[in-house]
Amino acid sequence: MKNIKNDSISHPETKKSRLAEHIAGLPKSGIRDFFELVNKMDDVISLGVGEPDFTTPWTIRENAIYSLDRGRTSYTSNLGLISLRKAICNYVAENYKVGYNPENECIVTVGVSEALDLVIRAITNPGDEIIYHEPCYVSYAPEIRMAFGVPVPVSTCEKNNFALDPADLERAITPKTKAVLLNFPCNPTGAAIDMEQMKAIAALAVKHDLLVLSDLIYSELVYDSEIMPAISSLPGMKERTIFLHGFSKAFAMTGFRIGYACGPADIIDTMMKIHQYSMLCAPITAQEAAEEALRNSVCDRELMRREYRSRRNVIVKRFNDAGLPCFMPEGAFYVFPNITSTGLSSLEFATRLIQEKKVAVVPGTAFGPCGEGYIRACYATSMEGIKEATARIKAFVKELK
């Protein structure tokens with residue numbers, strides 16, 4: 001038999017890419033880049049990753065242990081445990097003044113991140129535009145692109161306390177606009193919107209027949225009122241709003257990965273189809289722990305909120321004292337100080353700070369181009385850590401001058 005030489009085999013001039021083009025071009029999270037740096041260095045004080053430093057309250061952990069001890073290790077309904085959905089809908093009705101049917105208007109997800117991904121995929125046709133405000137959480141634009149939608153950012157600014165101006169929003173609306181994505185209190189700025197602004201945004205949604213995706217993951221962590229109001233509670237808004245929430249921040253349950261969405265039955269049903277073919281269901285142990293959080297851990301939530309408020313007041317004052325103007329955030333657990341006086345870009349500032357002073361913050365550009373000139377610092381860390389980190393930052397700024 002004649003030998004066939006390898007070089008006689010014809011190959012195409014160019015290989016087909018093994019990667020999906022719309023995914024290959026997505027940027028990696030700027031938050032995680034700095035988290036990886038922290039992991040590789042010793043003695044770093046991290047004001048980077050947005051995760052509560054509190055341990056999940058004992059009653060929640062105990063319930064998770066008890067659930068496993070009872071052998072509760074099965075699948076649940078794709079929508080989630082009905083007992084948890086009832087508890088969620090009761091909690092939402094009591095705290096946000098809007099009622100949902102746990103049978104068909106609520107779905108339990110693997111974190112609020114999955115809930116957001118599901119709803120974007122459920123409503124988006126190729127070319128549909130979804131408006132969101134920047135600076136914003138890093139996943140918004142990539143998730144819209146992954147659903148073949150078009151992300152449309154609207155910049156917010158420090159002089160307006162990073163609130164979304166309804167006039168700016170209206171200018172961004174086109175015939176292709178499908179939805180508006182809101183996140184207040186906001187990651188990374190800690191900004192909120194007042195009731196008049198919320199009503200104006202609701203009026204625009206009705207006028208232009210838009211859906212509203214309302215990410216309320218930080219809504220219990222507000223400091224001048226009990227809880228952030230839900231836009232879905234306004235007249236004419238329940239039927240066009242998807243209420244997105246979870247347990248990670250307010251109940252310090254990040255590792256449990258439990259979120260949920262409440263909204264119109266047809267949208268929840270479509271979200272369930274995607275969830276059914278991807279995740280199937282959220283873990284039962286985490287679902288039962290979440291149910292316990294709603295039953296018996298609201299007091300723990302309030303203790304954490306009061307501590308965050310004290311830390312907020314300290315870190316804002318110390319950034320201002322260091323010569324980095326910092327507006328007072330109304331919620332979440334982030335500050336967004338202005339570093340333009342240093343002459344460094346956001347990336348340069350954050351990189352040099354971790355290298356020279358071993359303090360990790362996130363450059364504002366990780367949250368969109370209009371974040372240039374800012375850094376995000378998370379105060380979900382100890383008061384001692386905040387004071388030491390800001391002392392190092394003050395020395396760093398002084399040395400730059």
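D209 forms a salt bridge with R240, and the closest N and O atoms are 3.2 Å apart. This pair links distant parts of the chain. D209 sits in the loop between α8 and β6, R240 in the loop between β6 and β7, 31 residues apart. A salt bridge here is a side-chain nitrogen of Lys or Arg within 4 Å of a carboxyl oxygen of Asp or Glu. Helices (H or I, at least four residues) and strands (E, at least two) are DSSP runs, numbered from the N terminus.

Now the ground rules. This is a predicted model, in which local features need pLDDT of at least 70, side-chain atom pairs count only at pLDDT 80 or more, and totals for chains, interfaces and linings use all residues. Residues are numbered from 1 along each chain as its sequence is written, and side-chain values use heavy atoms, with hydrogens and water left out.

Back to the pair. Is D209 buried or exposed? D209 is exposed, at 58% relative accessibility. R240 is buried, with a relative accessible area of 14%. The cut-offs: buried is under 20% relative accessible area, exposed is over 50%, and partly exposed is in between (1.4 Å probe, protein chains only).

How many salt bridges does the structure hold? It holds 19. Side chains of opposite charge can pair when their charged atoms come close.

Take helix α10, residues 284-296. E292 and R295 both lie there, three residues apart, about one turn of the helix. They form a salt bridge, with the closest N and O atoms 2.8 Å apart. E292 is buried, at 6% relative accessibility. R295 is partly exposed, at 45%.

Next, helix α13, residues 383-400. E388 and R392 are four residues apart in this helix, again about one turn. Their side chains meet in a salt bridge of 2.9 Å, N to O. E388 is partly exposed, with a relative accessible area of 37%. R392 is partly exposed too, at 22%.

There is also a network: salt bridges link D53, E307 and R311.

Strands of a sheet pair through backbone hydrogen bonds, either parallel or antiparallel. For pairing, DSSP must find at least two bridges between two strands.

What is the strand order in the open sheet of seven strands? It runs β2-β8-β7-β6-β5-β3-β4, and the pairing is mixed. The edge strands are β2 (106-109) and β4 (150-155), and each pairs on one side only. Neighbouring strands are turned by 20° against each other on average, direction ignored.

Four bridges join β2 to β8, residues 259-262, and the two run antiparallel. V108 has Y260 in β8 as its bridge partner.

Now β6, residues 211-215. This strand is mostly covered: five of its five residues are buried. L211, L213 and D215 point one way, V212 and S214 the other way. In a regular strand the side chains alternate between the two faces of the sheet.

What are the partners of β6? On one hand there is β5, residues 177-183, paired with β6 in the parallel sense over five bridges. A179 has L211 as its bridge partner in β6. The chain crosses from β5 through helix α8 (residues 195-207) to β6, and this β-α-β crossover is right-handed. Right-handed means that, with the strands pointing away from the viewer, the path from the first strand over the helix to the second runs clockwise.

β6 also pairs with β7, residues 241-246, through four bridges, and the two run parallel. S214 stands opposite F243 in β7.

**The three-stranded sheet**

Another open sheet has three strands, in the order β9-β12-β11, with antiparallel pairing. β9 (334-335) and β11 (362-363) stand at the edges, each with a single partner strand, so one side of each is left without a neighbour in the sheet. Two bridges join β9 to β12, residues 375-378. Y334 has C378 as its bridge partner in β12.

Last item. The axes of helix α5 (residues 111-123) and helix α9 (residues 265-278) come within 9 Å and cross at roughly 115°. Axes are lines fitted to C-alpha atoms, for helices over the stretch in contact, and angles run from 0 to 180 degrees between N-to-C directions. The two helices are therefore roughly perpendicular to each other. The classes: under 35 degrees is roughly parallel, over 145 roughly antiparallel, 65 to 115 roughly perpendicular, and the rest oblique.
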